[in-house]
Amino acid sequence: LVTACCVKLPGRTSSCTSFNLSFSANGPVATYSSWGLRRRGLCAASLTLLGAARERRRWRIRSLGLATTFAHMGAEAFDPPQRASEGEGHEAPPEGAKCGALRCQKDSYLQSLRTRVKTCVPSREKKEKGKVWEVVLQDTVLFPEGGGQPCDVGTVGGSRVIRVANIEGEAVHFVDAQLEVGSEVEVSVDWARRMDLMHQHSAQHLITALAVDMFGYETLSWDLKPDALLSTTLDLGTEELKPEQMEQLEERVNAAIREGHTVAPRWIAADSEEVEKIRCRGLPDGVVGPLRVLEIDGIDTNLCCGTHVKSTADLCQVKLLHTERVRDRGKTHTRLHFAAGGRVLGLMDATWKRQLQMNSLLAVAPESHVASVEALVASKKEQAKDVKSLLGEVVEFLVERLKKRASDGEKVLDVHRDKGDMDTMKQLASALDETDVLLLTTFGGPGAGTFMLSGPADVVAELGPKVATILEGRGGGKGRFQGKAEKIAKRTEALDMLRKATAGCPPAA
């Protein structure tokens with residue numbers, strides 16, 4: 001005799017135990033599991049049977065308002081039961097929440113959730129196979145990347161979630177461990193990261209709405225980086241945001257923060273007439289609804305899938321940092337950099353620490369930093385001029401020595417320096433163009449460095465690749481074969497090959 005038991009605790013979550021029975025070569029095998037039901041007054045027990053034909057059946061026994069329900073099943077219960085008519089005795093498992101109606105999109109402040117694993121398959125990314133699994137849950141508090149907002153990270157069943165992606169409407173969690181399908185797990189969000197991303201995203205909506213209202217400047221695009229020490233940007237449809245406009249916009253944004261406007265999502269049908277009245281840059285392909293609308297009370301209504309604060313007051317503060325001009329498709333726009341919420345304090349802290357370092361390096365107070373750096377830059381320019389002049393004198397001296405060697409009958413000349421640039425190589429090569437000698441110039445070493453072989457074009461074309469092979473490098477060029485090498489120390493071997501070749505002796509293989 002097998003008994004399935006269900007107990008109802010009045011006013012509390014019900015607990016329910018199910019026994020699963022299957023046939024094997026050694027006879028029936030029974031297992032059980034438990035779960036909770038939060039619907040008041042409902043108890044359920046399930047018994048799973050696997051018959052000789054291996055057909056899976058599920059029976060459910062329900063009791064409304066009873067303290068205890070017992071089901072006694074004899075040997076006749078092992079016979080395959082009659083299939084119930086559609087809608088009777090069967091409850092299709094929930095399909096799960098789709099992107100757009102996830103728990104994180106309904107309640108952005110929910111930090112954890114008990115849910116079940118729908119699917120778990122190896123990652124489709126080749127480099128991740130065997131290390132990462134794609135997991136779909138019945139619901140989630142982890143937001144998949146979308147609308148310009150990076151995805152959340154966190155844990156599922158204690159395993160690390162590397163990223164979350166919207167794949168064909170499903171929130172796919174890329175997890176570093178395999179999870180059992182059907183198992184109950186707890187999914188938790190990295191709250192510090194979530195809060196930071198919400199701050200930046202809600203601030204973007206606020207800045208965008210007020211820039212349109214105050215100046216008529218539409219937001220063309222925006223960029224949010226997950227690094228909390230980086231600014232967020234939005235591109236405005238104007239060639240210039242004047243300093244006084246930027247100041248006015250910042251004042252208006254922070255006034256709206258102090259006023260504490262409610263920020264909340266709602267959903268409307270895709271064919272609703274309201275869609276045409278709502279600010280939106282366009283819906284992605286395949287979106288059929290319902291559509292998620294985000295409202296900042298009294299300020300903005302916009303289609304958005306991302307997570308947001310509950311009130312503008314939660315942003316604490318927004319700082320507009322600076323602007324820059326950017327070109328896109330032949331048009332000039334203004335890119336506005338800003339920080340919101342905790343990032344303002346983070347950026348201020350990082351800036352203050354750098355200022356203290358500058359105080360120490362420049363040995364002046366902060367108000368003298370600019371003047372001190374300007375003086376250093378001017379001094380560096382003067383020194384660069386002096387170095388260039390001295391280098392010219394060195395080149396002239398080297399050229400005289402090289403020409404003397406050429407007049408003495410040497411056919412292969414060389415110059416090596418631990419430091420140097422390509423301009424110096426070109427000056428040396430040009431000075432010897434009138435002669436009929438080969439010049440191998442090398443800078444750097446004994447490992448990596450640069451080289452140039454100059455001289456008669458036909459000879460250089462033939463021997464240049466051989467020099468590159470000896471020096472374990474590569475290069476090219478007409479008249480002058482130049483490139484980079486890994487073994488400048490082998491220049492002696494390269495010179496020996498060049499001398500043998502110009503003397504009419506075949507170089508060693």
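A surface patch, as the word is used here, is made of residues with over 30% relative accessible area and no salt bridge, where like charges are joined within 9 Å and nonpolar side chains (Val, Leu, Ile, Met, Phe, Trp, Tyr) within 5 Å. A salt bridge, in turn, is a side-chain nitrogen of Lys or Arg within 4 Å of a carboxyl oxygen of Asp or Glu. Accessible areas come from the Shrake-Rupley method with a 1.4 Å probe, and for residues only the protein chains shown count as cover. With that in hand, you can find a nonpolar patch on the surface formed by Met358, Leu361, Val373 and Val377, which together have about 340 Å² of accessible area.

Before going further, please keep in mind that this is a predicted model, in which local features need pLDDT of at least 70 and side-chain atom pairs count only at pLDDT 80 or more, while totals for chains, interfaces and linings use all residues. Residues are numbered from 1 along each chain as its sequence is written, and side-chain values use heavy atoms, with hydrogens and water left out.

Back to the patch. Helix 4 (342-362) and helix 5 (369-407) each supply at least two of its residues; helices (H or I, at least four residues) and strands (E, at least two) are DSSP runs, numbered from the N terminus. Met358 lies in helix 4. Its relative accessible area is 31%, so Met358 is partly exposed, a class that lies between buried (under 20% relative accessible area) and exposed (over 50%), again with a 1.4 Å probe and protein chains only.

Now step back to the whole protein chain. It has eight helices and 24 strands, and buried residues make up 38% of its 509 residues. The accessible surface comes to about 29,300 Å², and 52% of that belongs to carbon and sulfur atoms. Contact here means heavy atoms within 4.5 Å. Among the contacts in the protein chain with a separation of 6 or more, 60% are between residues 24 or more positions apart.

A nonpolar core is a set of buried Ala, Val, Leu, Ile, Met, Phe, Trp, Tyr and Cys residues joined through side-chain atoms within 4.5 Å. The largest one has 30 residues, and those touching the most other members are Leu206, Ile207, Leu249, Val253, Val318, Leu320 and Leu336. Two or more residues come from each of helix 2 (191-215), strand 14 (232-236), helix 3 (243-259), strand 16 (291-296), strand 18 (318-328) and strand 19 (331-340). Helix 2 gives the most, with eight residues. There is also a second, separate core of 23 residues, which includes Leu110, Val135, Cys151 and Val164.

Leaving aside neighbours within four places in sequence, Leu336 is in contact with residues including Ile207, Leu249, Leu320 and Thr232. Thr232 itself lies in strand 14 and counts as buried because its relative accessibility is 0%. Beyond four places in sequence, Thr232 touches Gln200, Trp222, Asp223, Leu224, Leu336, His337, Phe338 and Arg343.

Helix 3 is worth a visit too. Its 17 residues reach 25 Å from first C-alpha to last, close to the 24 Å expected at 1.5 Å a residue, where the expected span is 1.5 Å times one less than the number of residues. Its buried residues include Met246, Leu249 and Val253, and what covers the buried residues of helix 3 includes helix 2, strand 18 and strand 19. After helix 3 comes Gly260, with a positive phi near 65°.

Further along, Met452 lies in strand 22 (residues 449-454). Met452 has a relative accessible area of 0%, so it is buried. Met452 and Ala429 are 23 residues apart in sequence, with their C-alpha atoms 8.6 Å apart in space.

Finally, a look at some backbone details. Most residues other than glycine have a negative phi, and most peptide bonds are trans. In this model, the peptide bond from Gly445 to Pro446 is cis, with omega near 5°, and Pro446 sits in the loop between strand 21 (438-444) and strand 22. Glu168, not a glycine, has a positive phi of about 55°; Glu168 is found in the loop between strand 10 (159-167) and strand 11 (170-175). Arg329 has a positive phi near 55° and lies in the loop between strand 18 and strand 19. Glu168 counts as exposed because its relative accessibility is 80%, and Arg329 is exposed because its relative accessible area is 82%.
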